Amino acid sequence: IMEATKQLLGRLFQKPAGQSNHLIELAKEFVNEHLPDPTLDMALVSDHVGLSKIYFCRLFHKEEGVSFSNYLKLARIERAKQLLLQTNMKVFEISDAAGFSNAKYFGYVFKQEVGLTPLEFQILRLLMSRPGQVFSMVQIYEQVWKDVALGSENTVAVHIRHLREKIEIDPAHPRYLKVVWGLGYKMEQS
């Protein structure tokens with residue numbers, strides 16, 4: 001009986017060449033459907049597919065080449081990037097919609113994975129959406145922070161400086177992210 005059970009389990013968890021394990025595919029579908037839920041974790045997903053946490057963890061890593069927790073984090077960051085690009089939501093709303101329970105932690109993870117803060121990402125998106133067009137500090141603030149720009153010039157200037165430090169070879173002499181004195185900032189056309 002033990003040998004027959006092992007063979008049955010072996011066939012159940014065996015995947016055809018070039019295909020992923022169907023339980024892992026089921027788990028990934030469950031993750032995508034429940035991504036906004038901040039309580040989504042390995043225990044919930046492994047329970048959904050009917051595997052112990054330990055076995056699920058090993059199988060997931062074997063099949064995907066990445067730990068489940070890292071997969072979940074990257075899936076949430078991808079969702080956040082989509083929302084940053086396609087919606088007019090505020091950063092804290094995107095944090096919630098991507099399944100992060102804490103907006104500060106979201107900002108930390110986003111910067112760790114993308115190399116930019118969510119606000120820097122949105123500024124870059126805005127400027128790159130219309131290369132050569134000058135955006136005033138007020139326009140940048142209102143479109144990125146989605147709030148009325150009252151005394152926001154320093155905030156925008158600091159974020160632009162940080163962005164330059166990340167994308168320019170020589171931030172003191174920028175090639176791409178240029179200031180137009182008295183008017184605002186623009187992304188140079190290539």
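User: Why is S95 called buried?

Analyst: S95 has 0% relative accessibility. Buried means under 20% relative accessible area, with a 1.4 Å probe and protein chains only. At 0%, S95 therefore counts as buried. This is a predicted model, where local features need pLDDT of at least 70, side-chain atom pairs need 80 or more, and totals for chains, interfaces and linings use all residues. Numbering runs from 1 along each chain as its sequence is written, and side-chain values use heavy atoms, without hydrogens or water.

User: Where does S95 lie, and what does S95 touch?

Analyst: S95 lies in helix α6, residues 91-97. Helices here are DSSP runs of H or I with at least four residues; strands are E runs of at least two, and both are numbered from the N terminus. Leaving out residues up to four places away in sequence, S95 touches F100, N102, A103 and F106. Contact means heavy atoms within 4.5 Å.

User: Why is K178 called partly exposed?

Analyst: K178 has 28% relative accessibility. Partly exposed is the range between buried and exposed, and exposed means over 50%. K178 therefore counts as partly exposed.

User: What makes β1 and β2 a pair?

Analyst: Two strands pair if DSSP finds at least two bridges between them. β1 (residues 177-180) and β2 (residues 184-187) have 4 bridges, in the antiparallel sense. K178 is found in β1 and stands opposite K186 in β2. The hairpin has 3 residues between the strands, and G182 takes a positive phi near 85°.

User: Why is α2 called oblique to α3?

Analyst: Helix α2 (residues 22-34) and helix α3 (residues 42-49) pack at about 130°, with axes 9 Å apart. That angle makes α2 oblique to α3. Under 35 degrees is roughly parallel, over 145 roughly antiparallel, 65 to 115 roughly perpendicular, and the rest oblique. Axes are lines fitted to C-alpha atoms over the stretch in contact, and angles run from 0 to 180 degrees between N-to-C directions.

User: Which residues of α2 and α3 meet, and how many are nonpolar?

Analyst: L23, L26, A27, F30 and V31 in α2 meet L44, V45, H48 and V49 in α3. By class, the contact has 8 nonpolar, 1 polar and no charged residues. Ala, Val, Leu, Ile, Met, Phe, Trp, Tyr, Cys and Pro count as nonpolar; Asp, Glu, Lys and Arg as charged; the others, Gly among them, as polar.

User: How many helices and strands does the protein chain have?

Analyst: The protein chain has 10 helices and 2 strands. Of its 190 residues, 34% count as buried.
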